[in-house]
Number of protein chains: 2
Amino acid sequence: MSLAEAEQSLGSIMSELGRNARIGARALAIATPEQKRTALLTAAGAINAHRKKILAANAKDMEAARTKGISKAFLDRLELTDARIDGIIEAVQTIAELPDPVGTTIAEWDRPNGLHIERVRTPLGVIGVIFESRPNVTADAGALCIKSGNAVILRGGSDSFHSSHALVECLLDGLHLAGLPVECVQLVPTTDRAAVGEMLRGLDGNIDVIVPRGGKTLVARVQNEARVPVFAHLEGLVHVYIDKSADLEKAVSVTLNAKMRRTGICGAAETLLVHRDVVKTHLNPIIDALIAKGCEVRGDATVNANNPLTETATEEDWRTEYEDAIISVKIVDSLEAAIAHIEKYSSHHTEAIIAEDPIAVDKFFREIDSAILLHNASTQFADGGEFGFGGEIGIATGKMHARGPVGVEQLTSFKYRIRGNGQTRP
Amino acid sequence: MSLAEAEQSLGSIMSELGRNARIGARALAIATPEQKRTALLTAAGAINAHRKKILAANAKDMEAARTKGISKAFLDRLELTDARIDGIIEAVQTIAELPDPVGTTIAEWDRPNGLHIERVRTPLGVIGVIFESRPNVTADAGALCIKSGNAVILRGGSDSFHSSHALVECLLDGLHLAGLPVECVQLVPTTDRAAVGEMLRGLDGNIDVIVPRGGKTLVARVQNEARVPVFAHLEGLVHVYIDKSADLEKAVSVTLNAKMRRTGICGAAETLLVHRDVVKTHLNPIIDALIAKGCEVRGDATVNANNPLTETATEEDWRTEYEDAIISVKIVDSLEAAIAHIEKYSSHHTEAIIAEDPIAVDKFFREIDSAILLHNASTQFADGGEFGFGGEIGIATGKMHARGPVGVEQLTSFKYRIRGNGQTRP
């Protein structure tokens, strides 16, 4: 097959996926809550029943990845174990039991002319999910889309192809048993990277929104090439600010958790801002606790002068999402200076203030425009599960449509239903 | 000046507009409700006080347009009169008195670990409004953006430049008196069409959303070129369906109003679908009423056989938004067939069902995915004012973020505020 033929063939495969997805989306949009619940509970059962098959498919992916000499961290993300499959089953079950968002009345009111207006949730349509190596995204994203009445086109990394395929088979079992078309969940049947480009162009209007789940390279490509809306999950350059009114114990434990609980997640803190008035009392206890846990601390001149175990931060440090056991620390003269620093360097994902003064908290909450603001709590709570959403397809850092954790409600749109009795407009 | 110099100069003008808008947006985001109200009421007063100046500016635009031999309909949209200025003042005052959306709590809940989560409205940031000849859009869009805490960059058609400029001056008076930066409202200071392209590329991240207000050519250009989110207002290919359970009187009066009240607005009906069971009773009364009002009726074979005054509809008619006194009429065998026709041809803007059978209404409401669905009421109610929004910047036909009339609430995003007492994540 020539390159031109291959491209044509990919184009027609992808177009067909798009047309099928639209058919699936129409059926799913009018499916009953019970059908969707049945589909998901059945899928969870199928994952349990086909555990061996899924592990065997994953072993094939793992072997191929090892042969390619792929990094240990990558292999860890790719690997499925019995415990991880248990986690996947539990996640699908949790999503199955969430309240059905579709058809819910969000608002309703009467007009003076007697019209009754209702705003009700509707699915978005077809969601394209582009992810990398984690096979669990297949099940999570598939389940969240089914629950919210959306068809999904899944494009996993080539390294997880067999694992994803085995998990999709289980979702299809669920759809089939619930009397829903299997076109509701489709896995792109090729590992050709050009398939991503086709999805980003929207498959002739048959993809309504793209959700990229992956590293900076993927997200940057999506931002550049997408011709359809994107729920972008950009980096989390997350700040913790220790106000002059901060309680020392909370300052230490929250900062430690915000940085070190898991360093690779987007809610992990990257920069610590400390009010000058509490340098003498709060700075060293926090830094010492971080260093004791194995964190490298890069500070400004005041920090370095106060603690000989710290390295020197450069301008670049204020702009860096380490995703590692490193933190930058800066002393600020005031709450206003902290807010200005965050305004300049933050990725507007998540920020926390440690303070006992309610006026400082209110100012922080009012003036900082990040998706998630926390008072006296760890930034690692930036997570759909921790919000009580029962699952998330990602954390949106844009301001359009969804912001913060994207759960089933955020995967919906709405329409207006207006009831009258013959009203005409004057 | 060479072309390259002119382009560079346009680019730097536009970049500066963008940077200024961002500064304005930051100030406006934390402005008090009272400041925004004061700004708008003062602006309304200034429009009244500067009435003569505004009319003189408009006369200049009108004279230039007449010299260019521009159409009568266009001149009508461009013209300002004392009565129209009264309308503009009233609209700005109405928007001033709307509840302030910013900071409003949309939802709040507690988590088992004691965290209290609040979702509160925030402005979107900077809104770029691209419109054609109607000068009143300057005041409406400016006022809606100020109220919702957003800075706005207005790019009006070159033909309305002087009128728009005079109205913007009044908005700036309001901002100034309320202690808000005048950068909150900026009019693109050039009639160079390349300025639109610059806005569609987002002015280096300084435009958060584009609102196009204009005809198909503008909307198509925006859809093709925009690299930032768009609240697109596509065509309204609006349907009225007469169910077999329809009340004859409602069927006649609602259809007549839906088509003929104003034929040029997006909520005007374009296609009438009539259930076969009521052809004998309902069809001719509706058609005769339309024809008596001067409407051309293009029907399918059954319609033609029943009424000799009708023309013959072609496939093209089902796809046409006439924006004129023409309607296409088709007989359908069932509610399902009506839904299938709408699914195939509708622009998903607005559709109405005339029926007395609640089961038919529920099915129509559940299965059709258009922004606005009406029961026994005219499609011309598809309007932010009629929804009680106090004004709209357009009607969104997309499903992301805003759908239907875009009022002050739809011009906001949200953020999460989480209050804790030292919680760390296990």
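Which residues lie on one side of β12(B) and which on the other, and are they buried or exposed?

## Burial of β12(B)

In this predicted model, B:Thr350, B:Ala352 and B:Ile354 lie on one side of β12(B), while B:Glu351 and B:Ile353 lie on the other.

## Pairing around β12(B)

β12(B) pairs in the parallel sense with strand β7 (residues 238-242) of chain B, over four bridges. B:Tyr241 is found opposite B:Ile353 of β12(B).

Strand β13 (residues 372-377) of chain B also runs parallel to β12(B), and four bridges join the two. B:Thr350 has B:Ile372 of β13(B) as its bridge partner. Together with helix α15 (residues 358-367) of chain B, β12(B) and β13(B) make a β-α-β unit that is right-handed.

## A four-strand sheet in chain B

An open sheet of four strands in chain B has the order β5-β4-β3-β6, with parallel pairing. Its edge strands, β5 (185-187) and β6 (209-213) of chain B, each pair on one side only. On average, neighbouring strands of this sheet are turned by 20° against each other, direction ignored.

Strands β3 (residues 126-131) and β4 (residues 151-155) of chain B are joined in the parallel sense by five bridges. B:Gly128 has B:Ile153 in β4(B) as its bridge partner.

## Helices on the sheet

Helix α7 (residues 161-177) of chain B lies across β4 and β5 of chain B and runs at about 160° to β5(B). Helix α9 (residues 216-225) of chain B packs on the sheet and touches β3 and β6 of chain B. The direction of α9 makes about 160° with that of β6(B).

How values were computed: Residues numbered from 1 in each chain as written. Chains lettered and ligands numbered in written order. Predicted model: local features only at pLDDT ≥ 70, side-chain atom pairs only at ≥ 80, totals over all residues. Buried ≥ 20, exposed ≤ 12 C-beta atoms within 10 Å, placed from the backbone. Pairing = 2+ DSSP bridges. Right-handed = clockwise from strand over helix to strand, strands pointing away. Axes fitted to C-alpha atoms, helices over the stretch in contact; angles between N-to-C directions. Contact = placed C-beta atoms within 7 Å.
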